[in-house]
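These are my notebook entries on a structure that I looked up.

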There are 4 protein chains.
Amino acid sequence: MPISGRISSPPLRQQSYGAIRALTQALASPLSDADATVQAMDDASPAKWHLAHVTWFFETFILRDHVPGYRPFDENFAYLFNSYYEAEGPRHMRAHRGMLTRPSLREILNYRAHVDAALMDAFDGLPEHARDLVTLGLHHEQQHQELLLTDILYLFAQNPMQPAMWATPSAMPAPMPDPIRWIAGEAGVVEIGHDGKGFAFDCEGPVHQAILRPHALAHRPVTNGEWLEFMADGGYREARHWLSDGWAWVQAEGVEAPLYWRHQDNAGWTRFGHDGRHPVNPAAPVTHISLFEADAYASWAGARLPTEVEWESAAKGLDPDSGTQLDRAATPRPRACESADGLAQMFGDVWEWTGSAYRPYPGFRAAEGAVGEYNGKFMSGQFVLRGGSCATPRGHMRASYRNFFYPHQRWQFTGVRLARDI
Amino acid sequence: MPISGRISSPPLRQQSYGAIRALTQALASPLSDADATVQAMDDASPAKWHLAHVTWFFETFILRDHVPGYRPFDENFAYLFNSYYEAEGPRHMRAHRGMLTRPSLREILNYRAHVDAALMDAFDGLPEHARDLVTLGLHHEQQHQELLLTDILYLFAQNPMQPAMWATPSAMPAPMPDPIRWIAGEAGVVEIGHDGKGFAFDCEGPVHQAILRPHALAHRPVTNGEWLEFMADGGYREARHWLSDGWAWVQAEGVEAPLYWRHQDNAGWTRFGHDGRHPVNPAAPVTHISLFEADAYASWAGARLPTEVEWESAAKGLDPDSGTQLDRAATPRPRACESADGLAQMFGDVWEWTGSAYRPYPGFRAAEGAVGEYNGKFMSGQFVLRGGSCATPRGHMRASYRNFFYPHQRWQFTGVRLARDI
Amino acid sequence: MPISGRISSPPLRQQSYGAIRALTQALASPLSDADATVQAMDDASPAKWHLAHVTWFFETFILRDHVPGYRPFDENFAYLFNSYYEAEGPRHMRAHRGMLTRPSLREILNYRAHVDAALMDAFDGLPEHARDLVTLGLHHEQQHQELLLTDILYLFAQNPMQPAMWATPSAMPAPMPDPIRWIAGEAGVVEIGHDGKGFAFDCEGPVHQAILRPHALAHRPVTNGEWLEFMADGGYREARHWLSDGWAWVQAEGVEAPLYWRHQDNAGWTRFGHDGRHPVNPAAPVTHISLFEADAYASWAGARLPTEVEWESAAKGLDPDSGTQLDRAATPRPRACESADGLAQMFGDVWEWTGSAYRPYPGFRAAEGAVGEYNGKFMSGQFVLRGGSCATPRGHMRASYRNFFYPHQRWQFTGVRLARDI
Amino acid sequence: MPISGRISSPPLRQQSYGAIRALTQALASPLSDADATVQAMDDASPAKWHLAHVTWFFETFILRDHVPGYRPFDENFAYLFNSYYEAEGPRHMRAHRGMLTRPSLREILNYRAHVDAALMDAFDGLPEHARDLVTLGLHHEQQHQELLLTDILYLFAQNPMQPAMWATPSAMPAPMPDPIRWIAGEAGVVEIGHDGKGFAFDCEGPVHQAILRPHALAHRPVTNGEWLEFMADGGYREARHWLSDGWAWVQAEGVEAPLYWRHQDNAGWTRFGHDGRHPVNPAAPVTHISLFEADAYASWAGARLPTEVEWESAAKGLDPDSGTQLDRAATPRPRACESADGLAQMFGDVWEWTGSAYRPYPGFRAAEGAVGEYNGKFMSGQFVLRGGSCATPRGHMRASYRNFFYPHQRWQFTGVRLARDI
């Protein structure tokens with residue numbers, strides 16, 4: 001069930017609602033009640049929790065606040081399924097989300113159906129502000145679609161039986177991509193940030209000017225094959241490539257390869273994905289790396305990470321719906337790098353770490369109300385990623401889109417594109 | 001499905017096998033796949049794991065070792081469901097048992113059926129040593145029945161919705177029991193330990209002599225009502241009652257009542273059980289207390305804990321199958337203390353902490369082979385408990401039975417009976 | 001022994017060397033061998049270690065590398081007193097610096113004298129590159145002067161006897177400063193970064209352009225008096241003012257006031273300094289606050305933190321040697337805010353947290369060799385502070401100077417100046 | 001300054017006071033102020049703290065309580081130097097003892113002199129109960145003499161320069177001792193525990209009967225040479241020898257040899273002591289081992305640890321002042337095992353781990369008042385050691401003496417003597 005078009009177009013919003021909500025459930029359909037319940041680490045949430053939390057968002061900010069007489073499906077759910085909105089009162093501790101064996105997956109699906117029905121009934125009578133919140137809720141749900149996929153992957157990876165979520169025909173052997181070519185970027189005064197036309201999260205604006213020095217971006221992301229060279233050259237064992245915090249992390253965690261990689265005597269390096277464990281494909285973009293690894297690689301390669309201004313100014317004219325993104329409930333997998341004249345794979349495939357800390361743009365103002373907690377309060381200690389991944393729902397991406405994670409985190413489909421001064 | 005008789009009687013062993021295996025599954029029958037999968041703390045195991053592990057025991061030590069041509073149900077299960085037998089090779093980390101969303105509960109039940117069928121087929125041809133291992137396996141399974149119940153209770157207690165496992169008609173109001181009477185114990189040379197007739201775990205023997213000074217035991221366990229007096233008198237706030245390690249534990253954990261107790265403005269003190277949350281019954285024995293709490297209470301009361309020699313010498317003549325023990329798949333709940341002339345509730349209701357560290361008896365030898373890891377290697381840092389509880393399967397108990405836990409643990413049905421010198 | 005002039009002026013370098021080295025020892029002179037040995041937390045180092053480490057820097061990068069025939073004072077010291085230069089080989093673990101009860105303070109002072117004599121002997125024959133390293137070494141030593149002061153303050157604050165390092169006549173009561181006035185900053189394209197004339201650390205360059213939107217800075221830092229209003233208004237108890245990581249920090253650490261503040265029944269709020277414990281002075285700039293606190297205060301006050309571009313563009317024309325800075329071995333203490341027409345107290349008094357993450361400037365290149373580890377590898381997770389403090393040696397500061405700490409750290413003399421868009 | 005005779009003999013008590021107090025200071029005399037201040041781990045205390053704490057004991061329980069008009073030397077010291085007596089009010093946190101750079105070692109020595117003078121002045125007028133507390137204080141001080149030695153050794157071992165506290169002429173090469181001979185112990189009813197004649201700690205009584213089965217003790221402790229065989233045979237790598245908690249400890253800590261042992265390419269196995277780092281002497285008793293290691297060794301050797309009843313019944317007739325014990329301020333070092341007909345080295349050399357948990361004897365009652373916290377509250381989780389070590393002051397030991405440590409602790413001079421059933 002592919003999502004056609006972009007949500008922010010108002011006449012399509014009701015259609016989008018159905019399609020997006022259905023995709024979420026399709027993603028969860030291979031999961032058992034147990035699969036959907038367990039929390040594999042503090043950073044991840046159970047699939048059941050994702051299914052319920054996005055529903056709580058619609059129930060709370062639209063039905064409760066804008067539909068007179070609406071009765072919540074279950075009085076307990078506000079406590080259980082609020083994520084981090086302090087303004088919404090006390091809530092279940094994040095690290096204990098995995099204790100909720102009840103309500104069951106079945107009950108959560110009932111909850112979804114209840115809210116969907118109530119929302120569709122109410123839709124025509126909603127004030128414009130509430131309709132905007134529906135749009136926000138759909139983008140919010142798309143974000144959780146990606147998290148649901150990456151969180152469940154992390155869980156399955158802990159299982160010694162290495163279960164696959166979807167069977168996938170193995171990929172055709174891909175030719176090795178060309179060496180990196182350097183594409184010069186725009187220099188001087190550029191304009192970035194979202195201009196307010198169509199939907200965007202508050203942190204993407206306001207639009208503003210910045211100054212770029214002469215620089216170039218690699219025409220494609222770094223591949224697994226290149227990453228293996230870095231590893232063979234002692235990349236994980238030499239402190240001089242690494243940020244100080246990164247080196248401490250490598251040593252404390254014993255990191256020696258991307259997440260989900262494992263070396264097997266008979267099979268060489270393998271990686272784990274939604275399709276189970278398979279050999280690493282040298283032609284595909286490396287993924288599941290931390291900012292620390294991305295930065296160390298760039299240092300080893302005599303390059304650096306792009307800034308988010310460089311990235312966005314280069315991406316502005318490109319189609320954000322292009323590339324390998326999530327279209328349906330199937331294994332998300334970055335495709336092998338192909339030949340291209342210009343910048344390739346800017347959107348989709350792997351999130352690209354930038355060297356920019358996640359901080360407010362000049363003139364940033366958080367949205368009003370509880371949803372104002374959506375972005376601004378996370379603006380310390382994290383780095384910006386750009387461009388979406390193979391697990392990002394198609395239609396969700398924008399050139400101005402700012403994703404953010406801590407520099408050690410790598411359970412998302414994260415990769416790296418090099419940059420350099422020229 | 002009550003268990004009739006004791007397992008150790010050989011002609012009944014095959015019948016016992018069926019009854020015990022059936023009870024295990026009956027205990028798990030209210031559980032969803034998710035309920036049976038989650039591990040709520042490192043000390044506890046998922047219900048699914050219990051169901052599989054006890055089956056692995058039969059499959060490994062009987063079918064694999066004694067039935068030519070037996071093929072394991074699944075080659076992975078030895079890795080997943082070995083508990084701690086180092087001699088059986090590497091195994092899944094205890095703290096990660098909750099990551100196993102697969103195999104499903106359904107598959108584990110199939111595993112049980114497969115092993116049950118194979119064992120029943122093979123039974124008549126088994127050598128005597130293997131039959132003894134079946135007996136051991138049944139006692140082992142009974143131990144896990146109790147753990148399954150206490151582990152699932154711990155999990156359900158983490159759920160803000162406080163789900164009940166079984167609905168239970170609320171108890172009749174019980175009259176408050178008589179004050180404690182002191183029953184003098186045997187003094188001089190006594191003999192304790194298992195004499196080798198019938199089944200016993202290796203740690204219960206050999207039988208040996210010990211010397212007792214004049215002493216007395218309370219005729220019944222301490223009640224919730226008495227515990228409330230201890231609390232009201234500042235029992236949890238005064239260091240002088242506590243062992244040093246206990247006081248550190250109270251402060252670090254913020255302990256101020258037995259586990260599962262909660263004070264509610266409208267209901268006073270309540271406790272959580274397999275029947276959900278209900279008011280504390282002052283007439284029932286206090287339970288879910290640690291050794292530290294038991295010892296502090298005894299100190300506050302001007303008494304002490306019994307030693308295991310005192311306890312066993314007093315219990316020797318009593319019927320170990322008496323008292324409130326587990327007969328069927330229903331809420332285990334200590335019954336209110338009743339009037340009695342002699343020692344009451346020695347067996348069943350609540351495990352009684354003794355003041356004896358869990359160490360080998362004089363002349364102790366661990367059993368040969370992997371099953372020799374059953375007891376001996378745990379003999380440091382733990383204390384002995386005696387008498388079984390309302391969650392102990394009837395037929396499993398003996399006067400010589402030695403249970404053991406660390407002094408801070410309290411998720412079992414643990415209580416306390418006072419002793420004193422006379 | 002005040003330091004006259006700036007180090008970077010070459011003819012004065014030899015004089016500066018003597019003056020700076022002497023000030024370091026004067027700062028340590030109130031310390032006993034024990035005071036100089038203990039490490040009070042992982043982030044801090046013993047005074048003895050500071051005294052030795054700065055000396056090791058001169059011994060290694062000048063004497064060892066540029067003076068033929070120089071023999072190290074002690075072969076062990078390279079291992080003991082290297083801080084974090086991976087290129088210089090293995091070294092004593094940072095967190096174990098406090099285990100070095102030997103060598104004694106006396107031996108370290110001998111080490112200093114030995115290196116000083118060898119360096120003065122060799123000075124005239126040093127190549128220019130080595131002389132530049134002397135200059136770097138002196139700036140490095142000035143940084144450690146400030147750290148020595150703040151680390152020893154942290155240690156003394158742990159002592160229940162609250163010892164003073166220097167007796168200080170108590171301050172005259174200061175009049176309360178004027179309310180904050182907003183001083184508009186430069187807007188449009190501005191130029192920041194060090195232009196390469198005179199000494200600067202590598203991270204201060206290269207000079208580059210940036211764009212500023214209309215904004216204003218407060219004419220002075222926030223005072224203790226204003227901070228008390230924030231506290232009285234529940235500033236530390238309301239999540240909505242805080243960054244998410246900051247709120248987690250407040251709750252985990254139980255933070256409710258700046259570091260070293262304590263409420264005493266008879267004295268109200270007091271603070272601890274090198275002059276012991278004294279009442280908080282409401283007219284003085286608040287200090288010993290984290291970035292999290294600074295940001296929460298700004299949010300509460302309806303303002304924000306300045307960016308480092310805003311700060312530097314405003315500070316460019318001001319005298320970096322002005323304000324309360326460290327001139328001699330005596331209690332460092334921010335002075336009360338005074339009336340002023342323009343920006344006041346930009347230099348000295350308290351380091352001012354900016355809202356800028358510590359990241360490389362466009363075109364940044366780390367210095368060559370081991371000293372290239374000086375700055376670049378710390379560019380993740382930290383925020384920039386500007387302007388120096390009362391504990392910064394006078395002569396050390398520049399408008400382009402970038403200090404950096406993690407957002408939770410607050411044992412430096414850190415404060416906050418507000419900014420806002422206009 | 002050897003201590004002549006035993007303290008408990010009343011006419012000698014005043015002389016003993018002087019001699020014991022002088023030995024404490026002699027032990028500390030090689031220490032600098034810094035050496036005496038640092039706390040190298042939570043289990044250890046700074047030497048300065050030991051010097052002050054034992055003095056606080058006399059000041060508090062004798063001078064304050066029994067000498068009218070006595071004024072404490074410093075009002076702060078009760079807070080700083082109380083160890084764990086809850087009845088004496090709040091106190092400085094144990095883990096922060098190393099933050100006390102002040103008062104200085106010099107001031108603590110003045111404190112000692114002050115209290116010594118006051119006590120000697122008051123001595124003749126003290127009531128008998130107070131005199132008994134002086135005796136207790138002297139035994140208490142002797143315990144801290146041993147702790148001072150072992151704590152400072154732990155500190156010095158952290159220093160990469162491996163400083164020696166005392167130069168010691170290297171030992172004559174000792175002949176390898178005879179293989180172990182087994183000495184049969186008393187069987188049947190034996191009597192152990194202190195009979196109340198002369199001084200003993202409360203936990204040593206009351207005297208009581210116990211029953212022993214036929215058994216034998218090794219005629220001497222296990223040697224370093226034998227320990228090297230255990231290591232060479234994979235002793236630290238095979239789970240089956242170890243208690244479960246012990247194996248977890250070995251793996252978590254990476255233990256592969258006794259504490260302070262290190263393998264050096266050119267020197268083989270060396271050990272660190274108060275005389276610095278030297279080759280391991282194969283003829284000397286192994287020391288600095290945990291209960292876990294002792295138990296694993298015994299298991300590997302096909303033997304077991306003695307119980308404390310077995311040990312005491314064997315030691316009763318032997319001279320507790322014999323063997324290598326602490327006579328003066330010099331390197332404590334277990335002497336090589338020598339030929340002997342009967343039990344050798346029962347007293348002195350190394351503390352011998354027993355297999356007995358540290359629990360109260362039948363009929364135990366803690367002493368009244370604050371000193372009642374001396375022993376009883378530590379009776380969980382620890383094991384009993386017997387016989388004293390080379391660091392135990394001569395005159396301090398008794399056959400009934402019960403020392404106790406947690407099973408993982410090994411910074412004392414701990415060793416092992418094997419036992420077995422016969």
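In which order do the four strands of the open sheet in chain B lie? I worked from a predicted model, and I read the order as β10-β9-β8-β11, with mixed pairing. I then looked up the edge strands of chain B, which are β10 (403–405) and β11 (414–415); each of them pairs on one side only.

Next I examined one pair of strands within chain B. Strand β8 (residues 351–357) and strand β9 (residues 383–386) run antiparallel and are joined by three bridges. I noted that Ala357(B) stands opposite Phe383(B) of β9(B).

I turned to the interface of the two chains. Chain A and chain B each give 29 residues to the contact. The area buried between them is about 2200 Å², and carbon and sulfur atoms account for 64% of it. On the side of chain A, the residues that lose the most area to chain B are Met99(A), Arg102(A) and Met161(A), together 30% of what that side buries.

I also looked for salt bridges between the chains and found a count of two. Asp35(A) forms a salt bridge with Arg102(B), where the closest N and O atoms are 2.7 Å apart. By class, the side of chain A that touches chain B has 16 nonpolar, nine polar and four charged residues.

Finally, I consulted the UniProt record for chain A. The unreviewed entry places the feature "domain: Sulfatase-modifying factor enzyme-like" at residues 185–317 and 338–420.

Terms used: Residues numbered from 1 in each chain as written. Chains lettered and ligands numbered in written order. Predicted model: local features only at pLDDT ≥ 70, side-chain atom pairs only at ≥ 80, totals over all residues. Heavy atoms only, no water. UniProt positions renumbered as here; feature names shortened; annotations may be inferred. Pairing = 2+ DSSP bridges. Helix = DSSP H or I, 4+ residues; strand = E, 2+ residues; numbered from the N terminus. Contact = heavy atoms within 4.5 Å. Buried area = accessible area lost by both parts, 1.4 Å probe. Salt bridge = Lys/Arg side-chain N within 4 Å of Asp/Glu carboxyl O. Nonpolar A, V, L, I, M, F, W, Y, C, P; charged D, E, K, R; others polar.
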